[in-house]
Structure formats: structure tokens, C-alpha cells
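This briefing covers charged side chains and their pairing in a predicted model. The points below are grouped by topic.

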Amino acid sequence: MSTTTHAGDVAVRSILLMADGERADFDELIHPDAVNREGRVEPPACRVGGPAGYYATALWLRTAFEGLAYDIHQVVADGNLVAVHATMRGRHVAPFVVWTPEGEVDTAFPPTGKEFAVTQSHWLRVLDGQIVDHWANRDDLGQAQQLGWVPPTPAYLLRMARAKARAKRAAM
């Protein structure tokens with residue numbers, strides 16, 4: 001059973017913006033001091049918080065995953081805290097680079113061309129109609145298995161090493 005409120009509507013919009021929102025949409029919906037608690041493994045541009053950081057996260061995901069989309073299944077709100085159960089889907093068409101907490105390239109997954117669909121739970125705090133906090137629980141292992149990242153073949157491990165070297169050079 002879903003419970004929707006104004007805060008729930010705001011939370012759902014913030015998830016859907018990741019797939020196709022413009023920068024102005026993020027400026028409207030994301031609080032200037034908003035924190036994405038998942039940003040610790042994202043590119044440095046995503047870690048600034050506020051609309052700029054959230055928009056950078058969207059661009060990072062859209063670059064790697066063509067046709068990025070979210071199916072919303074349930075929304076539950078308790079005051080200004082909202083939980084959204086969703087499925088993220090897309091096709092892996094460009095390198096997906098994961099970063100260390102220190103802002104260095106950790107792992108780079110070269111494109112496989114494969115499609116994926118994984119469930120996620122997003123937790124958002126809403127203040128005055130804007131997102132101020134975001135946390136997520138994602139099925140990263142399921143995504144990695146669907147995309148052929150695990151178990152990696154020897155050839156894919158070699159492609160990963162090359163992709164990581166390219167990503168490190170690009171980050172300099």
C-alpha cells in the first residue's frame with residue numbers, strides 16, 4: 001500500500017529527475033544545502049551538494065546508462081521523511097566510473113551494451129517543498145551480474161584495467 005503526500009510527490013519527482021530533468025528542474029526541487037549521502041563513490045562534481053551536485057549525479061548516470069528510467073512502486077511518507085521503492089533500468093553504453101571517498105578513480109566498468117533493471121529504496125527528507133537529504137539502498141550486485149561485471153571474464157578484467165587508466169588520465 002502506498003501513502004502519498006506533498007513530501008511524497010516531491011520525493012518521487014526528485015527520483016524521476018535523475019533520468020531526464022533539466023538543470024532548472026534541479027534548482028527548483030533540490031535545496032541549496034541538500035546532501036546526497038551516496039555521493040562518496042561518485043565523481044567529485046557530484047559531491048558539492050545542492051542542485052549542482054544532484055544534477056552532476058544525474059549526468060554521471062545518464063552518460064553511462066542509455067535510456068535511464070525509474071519505475072516507482074511504493075511511496076511511504078512519515079512527516080518530512082519519505083521512502084521510495086523503485087526499479088532503475090537502462091543500458092550500459094559508456095564507462096561507469098566509481099570513485100574513492102578521497103575523490104580518486106577506484107574502478108571503471110567499460111560498456112557492455114547490456115540492459116539491467118534493479119530495485120532500489122531511496123530515503124529522502126523534504127523541507128519546504130525541497131529535498132534536503134538523500135540516502136539509498138541499491139541492488140548493486142544484481143546490477144553487476146546483469147551487466148556482466150561479475151563474475152568478470154579475463155577479457156573484461158583487461159578492458160576494466162584499460163578503462164580505469166583512461167578514467168584516471170581524464171580526471172587529472
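A residue counts as buried under 20% relative accessible area, as exposed over 50%, and as partly exposed in between. Asp71 has 28% relative accessibility, so Asp71 is partly exposed.

**Salt bridges**
- Nine salt bridges are found in a search of the whole structure.
- Asp71 and Arg89 are joined through their side chains by a salt bridge of 2.5 Å, N to O. This pair links distant parts of the chain, with Asp71 in strand S2 (residues 65-78) and Arg89 in strand S3 (residues 81-92), 18 residues apart. Arg89 is partly exposed at 33% relative accessibility.
- A salt bridge of 2.8 Å, N to O, connects the side chains of Arg23 and Asp27. Both residues belong to helix H2 (residues 23-29) and sit four residues apart, about one turn of the helix. Arg23 is partly exposed at 34%, and Asp27 is partly exposed at 37%.
- Arg138 pairs with Asp140 in a salt bridge whose closest N and O atoms are 2.9 Å apart. Arg138 has a relative accessible area of 36%, and Asp140 has a relative accessible area of 36%.

- Glu42 lies in the loop between strand S1 (30-36) and helix H3 (50-64).
- Glu42 is buried but has no salt bridge, and the nearest side chain of opposite charge, Arg138, is 6.0 Å away. A salt bridge requires the nitrogen and the carboxyl oxygen to be within 4 Å.
- The side chains of Glu42 and Asn36 make a polar contact (3.5 Å).
- Leaving aside residues up to four places away in sequence, Glu42 touches Asn36, Arg47, Thr57, Trp60 and Trp99.

Notes:
Residues numbered from 1 in each chain as written. Predicted model: local features only at pLDDT ≥ 70, side-chain atom pairs only at ≥ 80, totals over all residues. Heavy atoms only, no water. Helix = DSSP H or I, 4+ residues; strand = E, 2+ residues; numbered from the N terminus. Buried < 20%, exposed > 50% of the residue type's maximum accessible area, 1.4 Å probe, protein only. Lys, Arg positive; Asp, Glu negative; His and termini not counted. Polar contact = N/O pair within 3.5 Å; in protein donor to acceptor, adjacent residues only side chain to side chain. Contact = heavy atoms within 4.5 Å.
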